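Keep it short, and give the cut-offs behind each term.

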Amino acid sequence: MEMNIRKSGAVDIVDIQGNLDTSTALEAENFFSSMIEEGARRILVNGTTLDYISSAGLRILLVSGKKLKELEGELRLTALNESVHEVFEISGFDTIFNVTVTEAEALRDF
């Protein structure tokens with residue numbers, strides 16, 4: 001898994017490449033925690049190159065989203081491939097997070 005940050009105004013866009021699963025969960029948790037500790041309040045996860053997400057990966061996003069909400073921030077997701085989007089639908093995470101089809105759509109009112 002590889003994670004990179006881009007900026008769009010006050011939004012930190014995180015591009016995740018590869019799998020977000022048990023073997024990469026700790027790295028992802030540390031990555032998001034560091035971002036939040038350093039002041040990130042609006043995080044957009046771009047899943048264009050996210051190949052797979054497990055329950056461990058979902059937990060990392062949930063924990064990060066809760067931390068941001070406590071700080072009056074938000075975590076959003078965009079551009080999920082069909083299989084990852086299906087995991088979000090089955091788990092109900094598509095009702096917990098703002099999930100958009102395109103990055104432009106996600107950024108519009110962020």
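## Largest pocket

Helix α2 supplies the largest share of the lining of the largest pocket, 4 residues. Both α2 (55-70) and β5 (74-78) contribute at least two lining residues each. Helices (H or I, at least four residues) and strands (E, at least two) are DSSP runs, numbered from the N terminus. The lining consists of Leu62, Gly65, Lys66, Lys69, Gly73, Glu74, Leu75, Ile96, Phe97 and Asn98. The space in this pocket is about 160 Å³.

A pocket is found on a 1 Å grid over the protein atoms alone: it is an open set of points where a 1.4 Å probe fits, with protein on both sides within 12 Å along at least five of seven lines, and lining residues have an atom within 4 Å of a point. Grid points are joined across faces, edges and corners, and the volume is the space filled by probe spheres set on the points.

## Basis of the values

This is a predicted model, in which local features need pLDDT of at least 70, side-chain atom pairs count only at pLDDT 80 or more, and totals for chains, interfaces and linings use all residues. Residues are numbered from 1 along each chain as its sequence is written, and side-chain values use heavy atoms, with hydrogens and water left out.

## Ile96 in the lining

Ile96 is one of the lining residues. Ile96 sits in helix α4 (residues 93-96). Its relative accessible area is 48%, so Ile96 is partly exposed. The classes are buried under 20% relative accessible area, exposed over 50%, and partly exposed in between (1.4 Å probe, protein chains only).

Gly65 also lines the pocket. Ile96 and Gly65 are 31 residues apart in sequence, and their C-alpha atoms are 9.2 Å apart in space.

## Strand β2 and its partners

Strand β2 (residues 11-20) is largely enclosed by the rest of the structure, because 8 of its 10 residues are buried. Strand β1 (residues 2-8) pairs with β2 in the antiparallel sense over 7 bridges. Two strands pair if DSSP finds at least two bridges between them. Ser8 faces Val11 of β2, and Ile5 has Val14 as its bridge partner. The two strands form a hairpin with 2 residues between them, and Gly9 in the turn has a positive phi of about 65°.

On the parallel side, β2 pairs with strand β3 (residues 42-46) over 4 bridges. Asp15 stands opposite Asn46 in β3. The chain runs from β2 through helix α1 (residues 25-37) to β3 in a right-handed β-α-β crossover. Right-handed here means that, with the strands pointing away from the viewer, the path from the first strand over the helix to the second runs clockwise. Strand β4 (residues 50-53) also pairs with β2 in the parallel sense, over 3 bridges. There, Leu20 stands opposite Ile53.

## Thr100

Thr100 belongs to strand β6 (residues 98-100). Thr100 counts as buried because its relative accessibility is 8%. Contacts (heavy atoms within 4.5 Å) link Thr100 to Leu77, Thr78, Ala79, Glu105 and Ala106, not counting residues up to four places away in sequence.

The Thr100 side chain makes a polar contact with the side chain of Thr78 at 2.9 Å. A polar atom of the Thr100 side chain also lies 3.0 Å from the backbone oxygen of Thr102. A polar contact is a pair of N or O atoms within 3.5 Å; within protein, one must be able to donate a hydrogen and the other to accept it, and residues adjacent in sequence count only if both atoms are side-chain atoms.
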